[in-house]
Amino acid sequence: MLTAATGMDAMAHCIETFCAPSVNPPAEVIALDGLRRASANIEIATRDGTNRQARWEMMMAAMEGAMAFQKGLGAVHALSHPMGALPGRPLHHGTLNAVLLPAVLEFNAPVLEGKKATLNAGLGLAADADPAAHIRTLNSRLGLPAGLGAMGVTRADFGAVADAALKDHCHQTNPRLASRDDYLAMLDASF
Ligand SMILES: [Zn+2]
């Protein structure tokens, strides 16, 4: 079943794969194609589940994200993996990623200048647009939660989540290496 949250997970796979510093040009091209399809269709598919073309484009974006993410994911997934394992709170992986994406894009921005125009093109944005602001607006248009607090995460969870993020395999392939304090700041900005 297609939801806004699983669509945002596909977008997060495509964005993090494209941004990962590992050298894998074919994976980047596939991720960008998936990002372009998801960006153009996620609102249509969410609003109108009977639109078969939009659903097909989202299915293709999900497949392309999964084909490409062996290149590496990043801080969004390093943080969402431990949050998805918080005891007693079944938090949706895709919703977590949607909510975390803006703060991670802002953290990565200083090292992504060379990729920004291409990333923005995949998002359907002008070359100099702010991709983090765009994702925040998109999340709200899709009816996704405004922050981690609205999802049931508490500030008391932050320390353990940041510790676990440093050990997650996706930590190593974020384009800008994050410290524990950086992860705490990203969680705070996503709250
Ligand atoms: Zn994911």
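The structure is a predicted model, in which local features need pLDDT of at least 70, side-chain atom pairs count only at pLDDT 80 or more, and totals for chains, interfaces and linings use all residues. Residues are numbered from 1 along each chain as its sequence is written.

**The nonpolar core**

Let's start inside. The largest nonpolar core has 56 residues. A nonpolar core here is a set of buried Ala, Val, Leu, Ile, Met, Phe, Trp, Tyr and Cys residues joined through C-beta atoms within 7 Å. A residue is buried if 20 or more other C-beta atoms lie within 10 Å of its own, exposed if 12 or fewer, and partly exposed in between, with C-beta atoms placed from the backbone. Among the residues with the most contacts inside the core are Cys 14, Leu 79, Leu 101 and Val 104. Several helices supply at least two core residues each, including H1 (4-19), H2, H3 (52-68), H4, H5 and H10. Helices are DSSP runs (H or I, at least four residues), numbered from the N terminus. H1 gives the most to this core, with 10 residues.

Cys 14 shows what such contacts look like. Two residues are in contact if their C-beta atoms, placed from the backbone, lie within 7 Å. Leaving aside neighbours within four places in sequence, Cys 14 is in contact with Ala 31, Gly 34, Leu 35, Ala 38, Ala 61, Glu 64 and Gly 65.

Two packed helices are described by the angle between their axes and the distance between the axes. Axes are lines fitted to C-alpha atoms, for helices over the stretch in contact, and angles run from 0 to 180 degrees between N-to-C directions.

Helix H4 (residues 75-84) and H5 have axes that come within 8 Å and cross at roughly 145°. The residues meeting there include Leu 79, Ser 80 and Met 83 in H4 and Asn 97, Leu 101 and Val 104 in H5. This contact divides into 9 nonpolar, 5 polar and no charged residues. By class, Ala, Val, Leu, Ile, Met, Phe, Trp, Tyr, Cys and Pro count as nonpolar, Asp, Glu, Lys and Arg as charged, and the others, Gly among them, as polar.

H4 itself is mostly covered, with 9 of its 10 residues buried. The cover over those buried residues includes H1, H5, H9 and H10.

H5 (residues 93-108) also meets H10 (residues 180-189), where the axes come within 8 Å and cross at roughly 135°. That makes H5 oblique to H10, a word for angles that are not under 35 degrees (roughly parallel), over 145 (roughly antiparallel) or 65 to 115 (roughly perpendicular). Ala 103, Val 104 and Phe 107 of H5 make this contact with Asp 182, Met 186 and Ala 189 of H10.

| Residue | C-beta neighbours within 10 Å |
|---|---|
| Ala 45 | 25 |
| Asn 97 | 27 |

Ala 45 lies in helix H2 (residues 25-47), and its C-alpha is 9.1 Å from that of Trp 56, 11 residues apart in sequence.

Thr 95 is found in H5. The C-alpha atoms of Thr 95 and Ala 4 are separated by 8.2 Å, although the two are 91 residues apart along the chain. Not counting residues up to four places away in sequence, Thr 95 touches Ala 5, Leu 144, Pro 145 and Met 151.

Asn 97 also has its place in H5. Beyond four places in sequence, Asn 97 is in contact with Met 8, Asp 9, Ala 12, Val 76, His 77 and Ser 80.
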